[in-house]
Amino acid sequence: MYYYNPYYQHDTLDNHWHLFRQNYITGQATWTNGGNVTQCGTQWSYNQFMTAAVSTNSPYVCGQSIKVRNPQNGREVIVTIVDKVPGSPVNTINLHQRAFETLGANTSIGVIPIEFQPSPELEQEKWGKFLLELTQTAFPQYNVTEYKFAGRTQFAEDQIEEIYEYTLQSAQDRVNIRGSVIYNPATDRVISFGIAEI
């Protein structure tokens, strides 16, 4: 269920835009259909199959989000680590076939050059992750390929609103979603939340 947010004001966003960017690591991506058992105990079908395996020597941990970019076409996808591969190079990521194809890659190629970066800002921003999960539930046929923090406004001592924007991609089209949540910072209780196509 989604709630109307009476506090949302378009003009308050103008001075709050901030797009998270970090330096990308260069590497390669392969693809897999996954298996029944993973080192992380998480199914490959998690997160609408936007999942990946990394090297056991990698600094990334199970459940962490990684943003993967195809430098040939600029497409990006956010994947969740669900498996570890012993002996693979640290800069190689094994993507689920759906994530590989979302990057615009043909599975007959097998290996593509990629750029990737961990997404600690989304992991640390629990409300961004909260809204991301709502968005994925509301749009099950779409993959979240981009996100940005769009602003924070404090209406009262016990009311803070955070706004995030997500870009979703399906086989047919691309949509932009704005999610907002108002919460009490003292208790972390949600007062209202909502998502809407923009």
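In which sense do β2 and strand β4 (residues 76-85) pair, and over how many bridges? I opened my notebook with that. I found that the two strands pair in the parallel sense, over five bridges. Two strands count as paired if DSSP finds at least two bridges between them. Helices (H or I, at least four residues) and strands (E, at least two) are DSSP runs, numbered from the N terminus.

**Ground rules.** I am reading a predicted model, where local features need pLDDT of at least 70, side-chain atom pairs count only at pLDDT 80 or more, and totals for chains, interfaces and linings use all residues. Residues are numbered from 1 along each chain as its sequence is written, and side-chain values use heavy atoms, with hydrogens and water left out.

**Overview.** I looked up the secondary structure of the protein chain and got three helices and 10 strands. From the N terminus on, the elements run β-β-β-β-β-α-β-α-α-β-β-β-β. The protein chain has 198 residues, and buried residues make up 47% of them. Buried means under 20% relative accessible area, exposed over 50%, and partly exposed in between (1.4 Å probe, protein chains only). I also looked at contacts, meaning heavy atoms within 4.5 Å. Among those between residues at least 6 apart in sequence, 67% join residues at least 24 apart.

**The barrel.** I traced six strands that close into a barrel, in the order β1-β5-β2-β4-β3-β6. Its pairing is mixed. The twist averages 45° from one strand to the next. Axes here are lines fitted to C-alpha atoms, for helices over the stretch in contact, and angles run from 0 to 180 degrees between N-to-C directions.

I then went back to β2. Five of its five residues are buried. With strand β5 (residues 92-96), β2 pairs in the antiparallel sense over two bridges. There Ala53 stands opposite Asn94. Next I checked β3 with strand β6 (residues 112-118). This pair is antiparallel, over four bridges. Ile66 faces Pro118 of β6 across it.

**The disulfide.** How many disulfides does the structure hold? I counted one. A disulfide is a pair of cysteine sulfur atoms within 2.5 Å. This one joins Cys40 to Cys62, S to S 2.0 Å. The link is left-handed, with -75° about the S-S bond. Cys40 lies in the loop between β1 (25-32) and β2 (51-55), and Cys62 in the loop between β2 and β3 (65-69), so the pair ties together parts that are 22 residues apart in sequence. Are the two cysteines buried or exposed? Cys40 counts as buried, at 19% relative accessibility. Cys62 is partly exposed, at 38%.

**Trp44.** I found Trp44 in the loop between β1 and β2. Its relative accessible area is 5%, so Trp44 is buried. Trp44 and Asp83 are 39 residues apart in sequence, yet 8.4 Å apart in space, C-alpha to C-alpha.

**The open sheet.** I moved on to four strands in an open sheet. Their order is β7-β8-β9-β10, with antiparallel pairing. β7 (143-156) and β10 stand at the edges with a single partner strand each, so one side of each is left without a neighbour in the sheet. Neighbouring strands are turned by 15° against each other on average, direction ignored. Strand β8 (residues 159-169) and strand β9 (residues 174-184) are joined by 10 bridges. Glu161 stands opposite Ile182 in β9.

**Helix α3.** What packs on this sheet? I see α3 touching β7, β8, β9 and β10, its direction making about 45° with that of β8. α3 (residues 126-138) has 13 residues and reaches 18 Å from its first C-alpha to its last. That is close to the 18 Å expected at 1.5 Å a residue, taken as 1.5 Å times one less than the number of residues. Its buried residues include Trp127, Leu131 and Leu134.

**Gly194.** Last, I looked up Gly194, which sits in strand β10 (residues 189-197). Gly194 is buried, at 10% relative accessible area. Gly194 and Leu134 are 60 residues apart in sequence and 8.8 Å apart in space, C-alpha to C-alpha.
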